[in-house]
Amino acid sequence: MVQAKSWILKKHFEGFPKDTDFELKLEQLSDPKDGEIILEAVFLSVDPYMRPYSRVRMQAGDVMIGTQVAKVIQSNNPSFPVGCHVVGRCGWRTHTLSDGSDITKVLNDWPQDVSLSHALGAIGMPGLTALYGLEEVCAIKPGETLLVNAAAGAVGSVVGQIAKIKGCKVVGSAGSDEKVAYLKELGFDLAFNYKTVSSLEEALKNASPEGYDCYFENVGGPFSSVAIAQMKAFGRIAVCGGISLYNDTSPQTGPYPHLHMIFKQLKMEGFLVGRWEHKNKESLKRMLTWMQEGKLKCKEHVTVGFENMPAAFMGMLQGENVGKAIIKV
Ligand code: NDP
């Protein structure tokens, strides 16, 4: 029998999450029956979506939702032999009894020298989000100017690098000087700390006086109001996330974007990465190639210890991470 640890959402978050909203539980897993396997988590992911999804997809008492890279340690399913690695939506658990649904094998030709943790980052859901937001939503073209916020995070750092690969000018904003230095290291043309600039409007104008063709939106709220006003005519805005809103207890209000959208004839489209799932295999291979060619660099902010997951989650929501926030069991 395998003993599993899991983190439970003890009660729904009110505002910013607190330690007391989480509870660590122990559970004995039964032996796998025909078609079943037991997974052992190796790396787990903490992501912003867990905050808004906790409200709409979870009940108090549920295991926290989330994805992990796991190793098959017992198997009664020939598709997943002992020793193979999978990416699974198992939630915040150390061990999972699975029937093979909701898990995907890590790419067959995953290189030995690339950590499997990247399957939760640049070569996983956040990387795909960056790629599809740029290619499918913005339809970005060489020579265009792109703005991305939360730019030093899992999605944003990949957005900027893909846009550079595509021959664009890239402006990024992030919440610390260390993050700004990282963006410059990654090849962003301009980067600034949105927390310390005296005027966001001036910072955006200085970075690109002619405005922006594309805006990859991760933050929402007041940043968005200022950025939309800096778009060029026929600009495209990919609404990927709104992290500045996720912990609000009451909705924020305007300024509203309508006049800018009308007079500049802007296109603004929200999206979920899952829309292009049918392209994932080819897309992941493409990004793995960029990584191996040194065109896509990916920092990780690694927290060691499953017991530290709530702290890592809250830390990520507060901007502690440079690159992808990962938990190593
Ligand atoms: P990150 O790795 O970027 O981590 C979150 C970052 O958000 C923090 O490091 C912090 O960076 C920034 N942040 C936190 N609070 C605020 C705030 N109040 N104002 C401005 N910035 C803030 O996370 P991801 O890359 O995983 O996600 C980025 C965005 O993409 C999120 O909004 C997420 O919900 C969205 N997303 C959407 C998907 C989709 O399918 N549509 C899929 C995946 C992600 P800083 O220090 O710079 O403030």
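A cavity is a set of grid points where a 1.4 Å probe fits but cannot get out, and its lining residues are those with an atom within 4 Å of a point. With this definition in hand, the reader may turn to the present structure, which is a predicted model.

A search of the whole structure finds one cavity of 30 Å³ or more. The volume of the largest cavity is about 70 Å³. Its lining is made up of His-118, Gly-121, Ala-122, Ala-154, Ser-157, Val-158, Tyr-182, Cys-298, Lys-299, Glu-300, Gly-323 and Lys-324. Sorted by class, the residues that line the largest cavity are five nonpolar, four polar and three charged. Helix α3, which spans residues 154–165, supplies the largest share of this lining, namely three residues.

Helix α2 (residues 125–138) packs with α3 at an angle of about 45°, and the two axes lie 8 Å apart. Because of this angle, α2 is oblique to α3. The crossing of the two helices, α2 and α3, is right-handed.

Which residues of α2 and α3 make the contact? On the side of α2, they are Pro-126, Gly-127, Thr-129, Ala-130, Leu-131 and Leu-134. On the side of α3, they are Ala-154, Val-155, Val-158, Val-159, Ile-162 and Ala-163. By class, this contact of α2 with α3 comprises 10 nonpolar residues and two polar ones, with no charged residues.

The two features can now be viewed together. Ala-154 and Val-158 line the largest cavity, and both also take part in the contact of α3 with α2.

How values were computed:
Residues are numbered from 1 along each chain as its sequence is written. This is a predicted model: local features need pLDDT of at least 70, side-chain atom pairs count only at pLDDT 80 or more; totals for chains, interfaces and linings use all residues. Side-chain values use heavy atoms; hydrogens and water are left out. On a 1 Å grid over the protein atoms alone, a cavity is a set of points where a 1.4 Å probe fits but cannot get out, and a pocket is an open set with protein on both sides within 12 Å along at least five of seven lines; lining residues have an atom within 4 Å of a point. Grid points are joined across faces, edges and corners, and a volume is the space filled by probe spheres set on the points. Helices (H or I, at least four residues) and strands (E, at least two) are DSSP runs, numbered from the N terminus. Ala, Val, Leu, Ile, Met, Phe, Trp, Tyr, Cys and Pro count as nonpolar, Asp, Glu, Lys and Arg as charged, and the others, Gly among them, as polar. Axes are lines fitted to C-alpha atoms, for helices over the stretch in contact, and angles run from 0 to 180 degrees between N-to-C directions. Angles under 35 degrees count as roughly parallel, over 145 as roughly antiparallel, 65 to 115 as roughly perpendicular and the rest as oblique. A crossing is left-handed if the near helix is turned anticlockwise from the far one by less than a right angle, and right-handed if clockwise. Contact means heavy atoms within 4.5 Å.
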